[in-house]
Amino acid sequence: MKATKKGPLERIKRFLQEVRYEVRKVVWPTRRETITYTSVVVVSVVAIGLLVWAMDAVFSFVLSLALR
């Protein structure tokens, strides 16, 4: 049996069919879940940002005292 090579258009068509099939299997989050997850990310980023800022301020203060 001879293997036939598919052309680029057939490969693209098959790829898009498979993408469509896979996207149908995705379980999309509800609006409520999206808002909750986004809130958690924003709060976490702000908390880490404040922590880094505080550590920077402390290290800067200590370093300025050490260099006097």
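How far apart are the mean positions of the positive and negative charges of the protein? I looked this up before anything else. The protein has 12 positive and 5 negative charges, and their mean positions are 7 Å apart. I keep in mind that this is a predicted model.

**Overall form**

I turned to the secondary structure next. I found two helices and zero strands. The radius of gyration is 27 Å, well over the 11 Å that the globule rule gives for 68 residues, so the protein is more spread out than a compact globule. I also checked the box around the C-alpha atoms. Along the principal axes, that box is roughly 85 × 35 × 20 Å.

Then I asked what share of the residues is buried. The answer is 0% of the 68 residues. The accessible surface comes to about 7,100 Å². Carbon and sulfur atoms hold 70% of that area.

One joins Glu18 to Arg14, with the closest N and O atoms 2.7 Å apart. Both residues sit in helix 1, which covers residues 8-24. They are four residues apart, about one turn of the helix. I noted the exposure of each partner. Glu18 is partly exposed, at 39% relative accessible area. Arg14 is partly exposed as well, at 44%.

Lys25 has 48% relative accessibility and counts as partly exposed. Glu22 has 42% and is also partly exposed.

Helix 2 covers residues 31-66.

Leu63 lies in helix 2. Is Leu63 exposed or partly exposed? Its relative accessibility is 52%, and exposed means over 50%, so Leu63 counts as exposed. I also traced the span from Leu63 back to Arg31. The two are 32 residues apart in sequence, and their C-alpha atoms are 48 Å apart in space.

Leu65 is in helix 2 too. Its relative accessible area is 42%, which makes Leu65 partly exposed.

Which residues form the nonpolar patch on the surface? I listed Ile48, Leu51, Val52, Met55, Val58, Phe59, Phe61, Val62 and Leu65. Together they have about 880 Å² of accessible area.

Conventions. Residues numbered from 1 in each chain as written. Predicted model: local features only at pLDDT ≥ 70, side-chain atom pairs only at ≥ 80, totals over all residues. Heavy atoms only, no water. Patch = residues over 30% accessible without salt bridge, like charges linked within 9 Å, V, L, I, M, F, W, Y side chains within 5 Å. Areas by Shrake-Rupley, 256 points an atom, 1.4 Å probe, with all protein chains shown as cover. Salt bridge = Lys/Arg side-chain N within 4 Å of Asp/Glu carboxyl O. Buried < 20%, exposed > 50% of the residue type's maximum accessible area, 1.4 Å probe, protein only. Rg over C-alpha atoms; globule rule 2.2 N^0.38 Å. Lys, Arg positive; Asp, Glu negative; His and termini not counted. Charge placed at Lys NZ, Arg CZ, Asp CG, Glu CD.
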